[in-house]
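Please have the structure open while reading.

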Amino acid sequence: SIPILLQVLYEQEGVFIHSSCGKNDDQDSLISGVLRVIEKENEVIVDWRPLDDTLDTSNILCAGKDSSSVVEWTQTPKEKCSRGADRPSSYEAEWDMVTTVSFKKKPHSNGDATTHANGESKWSFLFSLTDLKSIKQNKEGMGWSYLVFCLKDDVKLPALHFHHGDSKLLIKCLEKHVVLNESPQDKRILLVNSQNKSLSQSFENLFDEPSYGLLQKLKKDPYTVTMGRFSKVTNYIFDSFRLSDPSSQRRPPSEMADFLNDAIPGLKINQQEEPGFEVITRIDLGKQPEVSRREPVSAEEWAKNMDSEGRILNVDYIKQLIFKGGLCHTLRKEAWKFLLGYFPWNSTKEERANLQKRKTDEYFRMKLQWKSVSEEQEKRNSRLRDYRSLIEKDVNRTDRTNKFYEGEDNPGLILLHDILMTYCMYDFDLGYVQGMSDLLSPLLYVMENEVDAFWCFVSYMDQMHQNFEEQMQGMKTQLIQLSTLLRLLDSGFCSYLESQDSGYLYFCFRWLLIRFKREFSFQDILRLWEVMWTELPCQNFHLLLCCAILESEKQQIMDKHYGFNEILKHINELSMKIDVEYILCKAEAISMQMMNCKELPQAVSEILGIESSSVTPDSDTGEDESGAMLSCPTSLYQSISTPVTAANGTRDSTQQMSEMQSLTPA
């Protein structure tokens, strides 16, 4: 079996709890124990237990494997540490110590020492240094040296009396991991300053620096800039370019556009030199059709489309249902594994169970690789050290509005860190780039399981890999493709953006980089992503979502004559204000509008994955001239009657799904 991954930093015997102070000074009132400081993964633990207690894994909490939950923690029974032949999931027991997330915190009260049914003294305790609030020391020269630990939830642990030596070595050990300051009110009390605060500093806190320092950070770390409030960055950069004369004017937007080109390495775009660039002339696309959405796929619908061995019977049908309505939340844990390619669509339930078993082994072997790296080894590996630093910063910036990630020491945040570090072992060349945590956090929330979340993340990163490569070719390509689509959709709006030095659409950078993660609420992004993962109704549907948002904002941008700075600010402030159902309807309508165009430019056909550049749907079959199906038949919905959402956002409970238009209308 796998050994316990613990490192003892400090150990002291002869540390007593005086259980009946002030009563009798007999031997029974003194409980002798061992005090240890243990480093486990990235966590430092203080542990005290009576001498007759031994360190075993029954005190350690592990993710409950049977429930696949990282929210409800279960205590690991002692027998779980040995590999039992009769256990159906015995292969997972080998990894129990590797998946440990937090330690149990026990309440304490003064009284006589007693022994619980499991043989463990009630005085035993352990806690993480991240839970420590303060340490109270005794006055010098007043009997045995003692310490009282007070935790952040105001739980005071029993005083520990050091009969064999003093507590100074312990304090020195703790000071290597936390900052201890004397309390102004009482010098005997040492207050703990959390180190996490330094990790959570974001780009927004750097605006007090001189402009030169800011610009250097912008050039060194463009991802942080684009992840932060782009409008604030833009305003500040404008101000930093002002001359000392207060009457001077801001530099023109054209110079600012050039600066952004230089500040984000590799992203400068010259469309005329890019392969596949085609001048789009004005084409009449016709009116956008009305589009409606259905209710999310229910558990009953999902089950009906599965055979007795667990195979999906009609993959295209299920994908169409998901595209038109998304999934009910209870289905996401299973269905997302298919949508992301972790589970093959034609696999049986037994085959998937075997796959998960193999993937569990593979995951924890990779996780052990970075967990077994010593501090000295990491000092000599600058890439791994940099990856860890970036991950810690991003994890501390995780959106806490979702209860799953609330709190500094939340198990979800710890697992985010561990999964991302393990991904660095999986793809060491790419490693970690800021923004990846945004892609992982919804996956972990839905999967509630470390292993499944990791492999779903791997599948998602296979799609998103180019967004995070150093040369940023993937981002360049998408911005050019988006510009091509937007020009076909509304050449006048494109011309206006170009006149304001916004033709490169850099304000969409964050949308594309992390697939709208920071533009929609946490629940809405779950719906948006699962729709995109169906790969319907065409490839690059996410670019049509961009077009839908921009077209919705076009009137305000043009009517109010927004310039370069105002456009950036306006787009940034759309975050959390976009109606996901409306935008999905509008993007689908745009796709239908373009695929119905009889003279669709070749460049657009390639972006959307349409074989023929001239698409003329047949009024009866929905086929194009080459015979390729552009949509599912209308009969797909004939047996379904459910409330739907129209493009205007209203819900019509009487409209039959059989009346809905297919992706390519007749």
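## Arginine 515

In which loop is the place of arginine 515? Arginine 515 sits in the loop between helix H19 (509-513) and H20. The model is a predicted one.

The phi angle of arginine 515 is near 50°. That is a positive value in a residue other than glycine. Arginine 515 has a relative accessible area of 11%. The cut-off for buried is under 20%, so arginine 515 counts as buried.

## Methionine 576

Methionine 576 is not a glycine either, yet its phi is positive, at about 70°. Its location is the loop between helix H22 (564-572) and helix H23 (580-595).

How exposed is methionine 576? Its relative accessible area is 47%. Exposed requires over 50%, so methionine 576 is classed as partly exposed.

## A cis peptide bond

Leucine 536 and proline 537 are joined by a cis peptide bond. Omega is near -5° there. Proline 537 belongs to the loop between helix H20 (522-532) and helix H21 (541-559).

## Helix H14

Helix H14 covers residues 411-426, 16 residues in total. From first C-alpha to last, H14 reaches 22 Å. This is close to the 22 Å expected at 1.5 Å a residue.

Is H14 mostly covered or mostly uncovered? Mostly covered: 14 of the 16 residues in H14 are buried.

Notes. Residues are numbered from 1 along each chain as its sequence is written. This is a predicted model: local features need pLDDT of at least 70, side-chain atom pairs count only at pLDDT 80 or more; totals for chains, interfaces and linings use all residues. Side-chain values use heavy atoms; hydrogens and water are left out. Helices (H or I, at least four residues) and strands (E, at least two) are DSSP runs, numbered from the N terminus. The expected span of a helix is 1.5 Å times one less than its number of residues. Buried means under 20% relative accessible area, exposed over 50%, partly exposed in between (1.4 Å probe, protein chains only).
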